[in-house]
Amino acid sequence: MPEGDTVWRQARDLRAVLEGQRLLSSDFRVPSFATLDFSGEIVSRVESRGKHLLMFVASHVIHSHLSMEGHWDIYPVPPGGRRARWRRPAFMARAILETEAASAVGFSLGTLEVMPEELLSDAVGHLGPDLLGPDWDAEEALRRLRADPERAIGVALLDQRNLAGIGNIYRNELCFLVRVHPATRVADVAELSRMVELAKRLLEANKDRSQRSTTGGPARGEAALWVYGLAGKPCKRCGSLIRHDTLADPAFPTHAARDIYWCPRCQSDSH
């Protein structure tokens, strides 16, 4: 699932081609919004909030969430040229926004909805402070995390109501960096403030990179990450073999348990 830094880059790229531009056409390929037409309207702004993408046009908000496989592709139109062929199958397209200079196509979007601006809080009002947003507030994020001290830290970090932008890669890497098992209670994380600070630093460091790195090493392959996806590989710190399991959120029993990775020596198993 794309994390906050990925969505931040998507917003940046979409902003460059849509913000302040007049739409030649819009096409929403979901039944609830199929009849909407923003042709002739100007996109006033584009922004990200955590893992959510927001495009403001004609007193409405086009709200999308990438979920597991979503992506907005951008196809520039050369002066006097023809629009490029899409790089993905047309049946995967959920939204098409066209200006004179570019086409922006949202493929496989997990969420796509259009709402009046005054109803935006219904979609994103629940979010905690955005790690890459102007509302970032480390103290508020800590307050929200500490409000449920019995919760597993690996679950609390993924809850976007606490702080917005952390996905499964970052939650595993953060737990490794602070040397706690993901199932450790929030109350038992001695360096919770440092964990929140590291979350901010990591997302800021990676927001302009197409390939993510949490180790400070090359942003490619196994060298880029400490533990995520590296089950059975030796820990870069101590050489112990990285372990893998899943961790569910008891507060949301219908949600699938998510993968966790940890080093049994660097991160205590006694949670």
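Q: Which residues is Pro129 in contact with, leaving aside its neighbours within four places in sequence?
A: They are Asp135, Trp136, Asp137, Glu140, Ala141, Arg144, Asn162, Leu163 and Ala164. Contact means heavy atoms within 4.5 Å. Keep in mind that this is a predicted model, where local features need pLDDT of at least 70 and side-chain atom pairs count only at pLDDT 80 or more, while totals for chains, interfaces and linings use all residues. Residues are numbered from 1 along each chain as its sequence is written, and side-chain values use heavy atoms, with hydrogens and water left out.

Q: Where is Pro129 found?
A: Pro129 is in the loop between α2 (121-124) and α3. Helices here are DSSP runs (H or I, at least four residues), as are strands (E, at least two), numbered from the N terminus.

Q: Is Pro129 buried or exposed?
A: Pro129 counts as buried because its relative accessibility is 6%. Buried means under 20% relative accessible area, exposed means over 50%, and partly exposed is in between (1.4 Å probe, protein chains only).

Q: And what separates the C-alpha atoms of Pro129 and Leu163?
A: They are 5.0 Å apart, though the two residues sit 34 residues apart along the chain.

Q: New topic: how many residues does the largest nonpolar core have?
A: That core has 34 residues, and Ile153, Ile166, Leu174, Phe176, Leu192 and Met195 have the most contacts inside it. A nonpolar core is a set of buried Ala, Val, Leu, Ile, Met, Phe, Trp, Tyr and Cys residues joined through side-chain atoms within 4.5 Å.

Q: Which elements give two or more residues to this core?
A: Those are α3 (138-146), α4 (153-156), α5 (168-177) and α6 (192-206). The most comes from α6, with seven residues. There's also a second, separate core of 24 residues, which includes Met55, Trp72, Leu97 and Leu109.

Q: How many disulfides are there?
A: The count is zero, with a disulfide being a pair of cysteine sulfur atoms within 2.5 Å.

Q: Last one: what about helix α1, how many residues does α1 have?
A: Helix α1 (residues 4-18) has 15 residues and reaches 20 Å from its first C-alpha to its last. That's close to the 21 Å expected at 1.5 Å a residue, where the expected span is 1.5 Å times one less than the number of residues. Just after α1, Gly20 takes a positive phi of about 80°.
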